[in-house]
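Dear colleague,

I am handing over the structure below, and after it you will find my notes on what came out of the analysis. Please read them with the coordinates open beside you.

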Amino acid sequence: MVIVTLNIDGKEVKAKEGMTILEAAKQAGIEIPTLCYDEKLEPYGACRICSVEIEKRGKTQIVASCCYPVEDGLKVKTTSDKIIKIRKIILELLLPLSPTGPILSLAQKYGVEKSRFPSQRTDCILCGLCTRYCAEVKGEKAVTFIGRGADKKIALVPEKAGVCATCRECYNLCPSGKIIDETAV
Ligand code: SF4
Ligand code: FES
């Protein structure tokens, strides 16, 4: 097993090669917010709320910590001014879609009281947790995305209705409650 040493927020952190920055930070007790991540699922990189600033070979870059693998000598800042600004903008974009639950909690934490963007409540932030959980963990595709761009939304597959009726394990993952409403219909 190869162990790499990186620096997260000034703290020397040792991590197994292949881990992500998010996993290494979590192991070191450093909290990074997430919305589309779940440890049981493959990284997806959709919400970008887990963005961090990395420095390697003198160059800085913003990356999604849930997808980016640790590297020896990497310097990571999880709460730089730039990162806070990015998270605030992301929350401003998400709040009109889903102004409750974890998104509202994060908005309050980051001092985002209102959004400059128009209200377009869908109660779904397209995080893909439900669709990926269904496919990757349950081996089913009972919930899926349909449409593209602004019309993209989740949909239940009619032929698989019986699967949802007895499963509902994705309920606890959904950051907006949308999947509960969908399956209740
Ligand atoms: S229904 Fe919930 S879990 Fe599924 S994509 Fe939308 S926000 Fe994510
Ligand atoms: S938690 Fe990393 S991109 Fe969503």
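Leaving aside residues up to four places away in sequence, L41 touches L129, R132, Y133, E136 and V137, where a contact means heavy atoms within 4.5 Å. L41 itself sits in the loop between α1 (21-27) and β3 (51-56), the helices (H or I, at least four residues) and strands (E, at least two) being DSSP runs numbered from the N terminus. With a relative accessibility of 6%, L41 counts as buried, a word that stands for under 20% relative accessible area, with exposed meaning over 50% and partly exposed in between (1.4 Å probe, protein chains only). L41 and R132 are 91 residues apart along the chain, yet their C-alpha atoms are separated by 7.0 Å.

Helix α4 covers residues 129-137, and its buried residues are L129, C130, T131, R132, Y133 and C134. Just after α4, G139 adopts a positive phi of about 70°.

**Basis of the values**

This is a predicted model, in which local features need pLDDT of at least 70 and side-chain atom pairs count only at pLDDT 80 or more, while totals for chains, interfaces and linings use all residues. Residues are numbered from 1 along each chain as its sequence is written, chains are lettered from A and ligands numbered from 1 in the order in which they are written, and side-chain values use heavy atoms, with hydrogens and water left out.

**Overall picture**

The protein contains six helices and seven strands, and along the sequence these follow the pattern β-β-α-β-β-β-α-α-α-β-β-α-α. Its C-alpha atoms fill a box of roughly 50 × 45 × 25 Å, taken along the principal axes. Of the 185 residues, 42% are buried, and among the contacts with a separation of 6 or more, 50% are between residues 24 or more positions apart.

The protein exposes about 10,500 Å², of which carbon and sulfur atoms supply 51%; the areas come from the Shrake-Rupley method with a 1.4 Å probe, and for residues only the protein chains shown count as cover. There are 28 positive and 23 negative side chains, and the centres of the two sets lie 3 Å apart. In that count Lys and Arg are positive and Asp and Glu negative, with His and the chain ends not counted, and each charge is placed at NZ of Lys, CZ of Arg, CG of Asp or CD of Glu.

**Nonpolar cores**

A nonpolar core is taken here as a set of buried Ala, Val, Leu, Ile, Met, Phe, Trp, Tyr and Cys residues joined through side-chain atoms within 4.5 Å. The largest such core has 31 residues, and those with the most contacts inside it are L35, I49, L91, L94, I103, I125 and I179. The elements that give two or more residues to this core are α2 (81-94), α3 (101-109) and α4, and α4 provides its largest share, four residues. Apart from this core lies another, of 24 residues, among them I32, V63, A64 and C66. Within the contact list of L94, again not counting residues up to four places away in sequence, are L35, I103 and I125.

**Cysteines**

How many disulfides does the model hold? With a disulfide taken as a pair of cysteine sulfur atoms within 2.5 Å, the count comes to zero. C167 is in no disulfide, and the nearest cysteine sulfur, that of C170, is 6.3 Å away. C167 is partly exposed, with a relative accessible area of 24%, and C50 is buried, at 2%.

**Backbone and loop details to check**

D9 is placed in the loop between β1 (3-8) and β2 (11-16) and is partly exposed, with a relative accessible area of 37%. R168 lies in the loop between α5 (161-166) and α6 (178-184), and at 39% relative accessibility this residue also counts as partly exposed.

Finally, I146 belongs to strand β6 (residues 143-146) and is partly exposed at 38% relative accessibility. Beyond residues up to four places away in sequence, I146 touches D151, K152, K153 and A155. I146 and L156, 10 residues apart in sequence, are 9.6 Å apart in space, C-alpha to C-alpha.

With best regards
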